[in-house]
2 protein chains.
Amino acid sequence: MYVTLSSAFTPAIAAPVGIPNPAPAQRRTLSVGAHLFREGDIANNIYEITSGVFRLSRVLDDGRRQVIAFGLPGDIIGFPNGTVHHSDCEAIQAGAVISHRRHTLDTLKGDDATHQRLLHAALREISAMQDHLMMLGRKSAMEKVASFLVTLSDRIGTCRDELTRCALPMSRADIADFLGLTIETVSRTLTRLRKAGVIAFDRAQTVLIKDKDALLSAAQARV
Amino acid sequence: MYVTLSSAFTPAIAAPVGIPNPAPAQRRTLSVGAHLFREGDIANNIYEITSGVFRLSRVLDDGRRQVIAFGLPGDIIGFPNGTVHHSDCEAIQAGAVISHRRHTLDTLKGDDATHQRLLHAALREISAMQDHLMMLGRKSAMEKVASFLVTLSDRIGTCRDELTRCALPMSRADIADFLGLTIETVSRTLTRLRKAGVIAFDRAQTVLIKDKDALLSAAQARV
DNA sequence: CGGGGCCTTGAGAGTGATCAAGTATCGTGG
DNA sequence: CCACGATACTTGATCACTCTCAAGGCCCCG
């Protein structure tokens, strides 16, 4: 990983200048499978991920699931709309978050710097979701999987000897639900990339990108 | 896809306290086909739609298009991420917008009430896009089309005599690109709903919803 | 060593895409 | 006001990508 960010993200507590009552930011740790919040929970906080990997998802009545986003260190997750959350957020790799009181973003009384940081994270989120919409609506299975690998390896891949090594912290089912595919199609597509010599595997949870150019062209589109 | 640059986001830290310069909001009118902005344009403004209908979309090199959103009166469109827009926005029905200077949202020097309004619009946008992701990733053609009609008629439909009349200000191609389908599939699906007695048409641009319950169940799931 | 997830692979089916006409609808100019 | 052409929409036939169902293999952990 672009080992990361705990440093780049100085918690809000550190910066009270003239403000008498800075919203206290609390730290919280979660083990694998623990929920940061569930659909229907009151949305009191916004979370800044300091470590671990989180999965934000929505589920239909009949069980169909869409993964909205994967939260990595540095990401901010849980933007409120209305009083309750409309999605589930679960740790898929043990980690920790800093909880910011919702009104830090919602109102203007509080820590301005944190307000700004949360706001800009929301704008980045909108932009990322636009990419995601394009991917879900208009890309083929191969393009989806390749795009996913490109994006993930840009975030958490490590380059060494012409080879980018990238952990896949999420299961095939999670990837499938993120890309709007089935597990089988994800698996078959990864196999296709492997047999074409574009990628290789290390125990199914780690992908080695052998030919970044080929992967980029499989991802199509302006990257 | 593009990379989102957090570096592009360093907000103006040196905030003058006096606020001598409240941002002027300007009005602008657009006829059909006129662009509010295009991909690559400098993102100086955020727009509040007062009339007309706008289409926000992204296009891949090979011409594949994804409609991100339709902007109706009351909607706010053009949230910036980075210095330039990453999507196109075009009037598909003549209308007008109020332009808000970007820094009204970006910074905290300016009109607080407007800042709040834009911010909350951004949060609503995130929530709406989550619905859209679920629709694109996990719904069938019939569910997509039915969901679309339900959502649109909730926004701009008028109820009369057990019948909801709803204009379709956008073309079939726009609907298709919004739902991640082809024109033909949209058309066939609408025909199927019509033959089932769920909807009827008035010149292809106006749909009459005859059986809202049936439409809702075709849309499946809570939308 | 055995059990249970998770992942991969295979065969067949189905939904939606593609290719191709055919039909309305709308705007324009005679 | 009507004729014409252009554009948009509908319908049909066929194809292909992805899903579904099913089985087998791998790996982790007790």
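1. By class, the surface near DNA strand C is made up of seven nonpolar, six polar and five charged residues. The model is a predicted one, and the points below should be read with that in mind. In total, 18 residues surround DNA strand C, and the closest are A:Arg172, A:Ser187, A:Thr191, B:Ser140 and B:Thr185. Two or more residues each are given to this surface by helix H4 (172–179) and H5 of chain A and by H5 of chain B. H5(A) contributes the largest share, six residues.

2. DNA strand D is surrounded by 17 residues, of which the closest are A:Ser140, A:Thr185, B:Ser171, B:Ser187 and B:Thr191. Here the elements giving two or more residues are helix H5 (183–195) of chain A, and helix H4 (172–179) and helix H5 (183–195) of chain B. The largest share of the surface near DNA strand D comes from H5(B), with six residues.

3. Between the chains, 40 residues of chain A are in contact with 37 residues of chain B. On the chain A side, strand S4 (65–71), helix H2 (112–138) and helix H3 (141–156) each supply at least two residues. H2(A) gives the largest share of that side, 20 residues. The side of chain A that touches chain B has 16 nonpolar, 14 polar and 10 charged residues.

4. Chain A is divided into domain 1 (12–136) and domain 2 (140–219). Taken over C-alpha atoms, the centres of these two domains of chain A are separated by 26 Å. Their contact takes 12 residues from domain 1 and 10 residues from domain 2. On the domain 1 side, strand S3 (45–59), S4, strand S6 (88–101) and H2 of chain A each supply at least two residues. The largest share of that side comes from S4(A), with four residues. By class, the domain 1 side divides into seven nonpolar, three polar and two charged residues.

5. Overall, chain A has six helices and 10 strands. Of its 223 residues, 46% count as buried. Among contacts in chain A between residues at least 6 apart in sequence, 68% join residues at least 24 apart.

6. An unreviewed UniProt entry lists residues 139–213 of chain A for "domain: HTH crp-type". In the model, that span is 52% helix and 21% strand, and its end C-alpha atoms lie 18 Å apart.

7. Is H4(A) enclosed or open to its surroundings? Six of its eight residues are buried, so H4(A) is largely enclosed by the rest of the structure. The buried residues are A:Asp174, A:Ile175, A:Ala176, A:Asp177, A:Phe178 and A:Leu179. These buried residues of H4(A) pack against S3, S4, S6, H3 and H5 of chain A. Just after the helix, A:Gly180 takes a positive phi of about 70 degrees. H4 of chain A is also among the elements that give two or more residues to the surface near DNA strand C.

8. In chain B, B:Glu90 is found in strand S6 (residues 88–101). B:Glu90 is partly exposed: 19 other C-beta atoms lie within 10 Å, whereas a buried residue needs 20 or more. Leaving aside neighbours within four places in sequence, B:Glu90 is in contact with B:Gly33, B:Ala34, B:His35, B:Leu36, B:Phe54 and B:Arg55. The C-alpha atoms of B:Glu90 and B:Leu56 are separated by 6.7 Å, although the two residues are 34 residues apart along the chain.

Terms used: Residues numbered from 1 in each chain as written. Chains lettered and ligands numbered in written order. Predicted model: local features only at pLDDT ≥ 70, side-chain atom pairs only at ≥ 80, totals over all residues. Near = placed C-beta within 6 Å. Contact = placed C-beta atoms within 7 Å. Nonpolar A, V, L, I, M, F, W, Y, C, P; charged D, E, K, R; others polar. Domains from an automatic or database assignment. UniProt positions renumbered as here; feature names shortened; annotations may be inferred. Buried ≥ 20, exposed ≤ 12 C-beta atoms within 10 Å, placed from the backbone.
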